[in-house]
Amino acid sequence: MPKSKSVIIIGASHAAAQTSVSLRQAGWEGTITVIGDEAVLPYHRPPLSKDFLSGQKAIDEILIRPAESYAAANIEMKLGVRVTAIDRTNKTVQTEAGETLHYDKLILTMGARIRRLPVPGEGLENVYYLRDTADVLAIKKKVETAKTAVIIGGGYIGLETAASLRKQGLAVTVLEAMPRILQRVTAPQLSTFYKRVHIEEGVKILENVSASAIQKTETGLNVVTGCEQNLAADMVIIGIGVIPNVELAAEAGLTVGNGIEVNEFCQTSDPDIYAAGDVTWHYNGLYDTHIRLESVPNATEQGKTVAAHITSKPKSYNSLPWFWSDQFDLKLQIAGLSTGYDAVVIRGNIEQGRSFAAYYFKGDRFLAVDAVNAPRDFMFGKISLTKGVNLDPALLADAECVLKNCVMP
Ligand SMILES: Cc1cc2nc3c(=O)[nH]c(=O)nc-3n(C[C@H](O)[C@H](O)[C@H](O)COP(=O)(O)OP(=O)(O)OC[C@H]3O[C@@H](n4cnc5c(N)ncnc54)[C@H](O)[C@@H]3O)c2cc1C
């Protein structure tokens, strides 16, 4: 490969960190420039609502790689720099500072940004969102003096944030607009379980309650809700989901829907432009469907897929989606996609305990497992899904049947 060839990666997070290093490992000899608008080296985003927020980890401890490893691989990191346009005819990108940079291959890893809550007062002081280190540093500063917090949004990030603040002694209320927390992502049994644990840990959970405004008061903030009482709080944190950063790609004429469309090699509709991570709308052969995933393993796997294709060692992307969430002493591990399930089999004591697994089925087909403090169930489910081994719901429902014997005869 000629040394003069250049790769530019836009966005400097999980997908970029993996793609850049994988390119070097795969023998790419040209230049690699990573351009990210955050002024920090790529860091692990999941701890933001967990160990980093609760003060158990400092920023140096959540970096994906130390600065030296990018330097050693001759990867140029342009941090605190925003790309504002892509010119596909001249194969250049434009930065906010007016710099024009040429690429031979361009990789889009711009991820996603927070969805704003469309109510009056969401921009007030002491109202926060949580997507990057700057957000969390501001939250941590407020936590030093705050006594009460309202979290708007009962998804994983909202609940992780609630757990982290509760552990630091704040009185925390979670508002969920839907009838149950985690409604979009999990079965009712799991929502009930998480509600119980949060209540046991002292978090107040209000379901079916929306915030219609946030007001500044003499003592702090007031969250106006549809229910009879409004909620006073020292701080409010909003976690109601994210939006993929597709605008640069759309303006450059690439095919874009709920994410930048890519093929099995993570190539966009322009063969010299790739995309990886939260920003992609991609096909998953295991589920025969197009999806957009917000998960670190996906960003990492797609990064490897891009590097393999650019260095002429194509390997199509076909990974099993998996995720995790940590709240209090609960380690949730999820393998597969439960979308469209019509039956759930629970193994373990979900009613009173804190360790169990929920196996999701559609008809006879095993789709996914949610395992709480149950790593063996997670691994068993993950391996079964990856290998295409179907499980038998009736055998799984029998607590006496050991896992390895629960496969469909
Ligand atoms: C609080 C929190 C907790 C999470 N917990 C988990 C978890 O437990 N498990 C899990 O699997 N996943 C978790 N996730 C999701 C996970 O962090 C994402 O899936 C992952 O960060 C995706 O990586 P990415 O590289 O695709 O994009 P991102 O991490 O979104 O990074 C994209 C980067 O590109 C930058 N950028 C965007 N546009 C431009 C531009 N024009 N110019 C320059 N730079 C630009 C952005 O600022 C950002 O730094 C969590 C996310 C959050 C926020």
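Student: Leaving aside neighbours within four places in sequence, which residues is Tyr-194 in contact with?

Tutor: This is a predicted model, so read contacts as computed from it. Contact here means heavy atoms within 4.5 Å. Beyond its sequence neighbours within four places, Tyr-194 touches Ile-181, Leu-182, Gln-327, Leu-330, Leu-332 and Val-372.

Student: Which residues have the most contacts inside the largest nonpolar core?

Tutor: Tyr-194 is one of them, along with Leu-165, Met-235 and Tyr-359. That core has 67 residues.

Student: How do I read strand pairing? Take β24 and its partners, β23 and β27.

Tutor: Strands of a sheet pair through backbone hydrogen bonds, either parallel or antiparallel. Strand β24 (residues 330-336) pairs with β23 (residues 322-327) in the antiparallel sense, over six bridges. Leu-330 in β24 is the bridge partner of Gln-327. With β27 (residues 365-372), β24 is again antiparallel, over five bridges. There, Ala-335 stands opposite Val-369.

Student: How many residues lie between the strands in the hairpin of β23 and β24?

Tutor: Two. Look at Phe-328 in this hairpin: it takes a positive phi near 50°.

Student: Why is β24 described as largely enclosed?

Tutor: Count buried residues, meaning those under 20% relative accessible area. Five of the seven residues of β24 are buried, so the rest of the structure largely encloses the strand.

Student: What is the strand order in the open sheet of five strands?

Tutor: The order is β3-β2-β1-β7-β20, with parallel pairing. β3 (75-79) and β20 (273-275) are the edges; each has a single partner strand, so one side of each lacks a neighbour in the sheet. The twist averages 20° from one strand to the next. Val-34 stands opposite Met-77 in β3.

Student: Which strands do helices α1 and α7 lie across?

Tutor: Helix α1 (residues 14-25) lies across β1, β2, β3 and β7, at about 175° to β2. Helix α7 (residues 296-310) lies across β7 and β20, at about 160° to β20.

Student: Now α3. Which of its residues are buried?

Tutor: In α3 (residues 133-143), they are Thr-133, Val-136, Ile-139, Lys-142 and Val-143. These buried residues pack against β9 (127-129), α4 (156-167) and β16 (235-238).

Student: What does the side chain of Asp-132 reach at the start of α3?

Tutor: One of its oxygens comes to within 3.2 Å of the backbone nitrogen of Ala-134.

Notes
Residues numbered from 1 in each chain as written. Predicted model: local features only at pLDDT ≥ 70, side-chain atom pairs only at ≥ 80, totals over all residues. Heavy atoms only, no water. Buried < 20%, exposed > 50% of the residue type's maximum accessible area, 1.4 Å probe, protein only. Helix = DSSP H or I, 4+ residues; strand = E, 2+ residues; numbered from the N terminus. Polar contact = N/O pair within 3.5 Å; in protein donor to acceptor, adjacent residues only side chain to side chain. Pairing = 2+ DSSP bridges. Core = buried A, V, L, I, M, F, W, Y, C linked by side-chain atoms within 4.5 Å. Axes fitted to C-alpha atoms, helices over the stretch in contact; angles between N-to-C directions.
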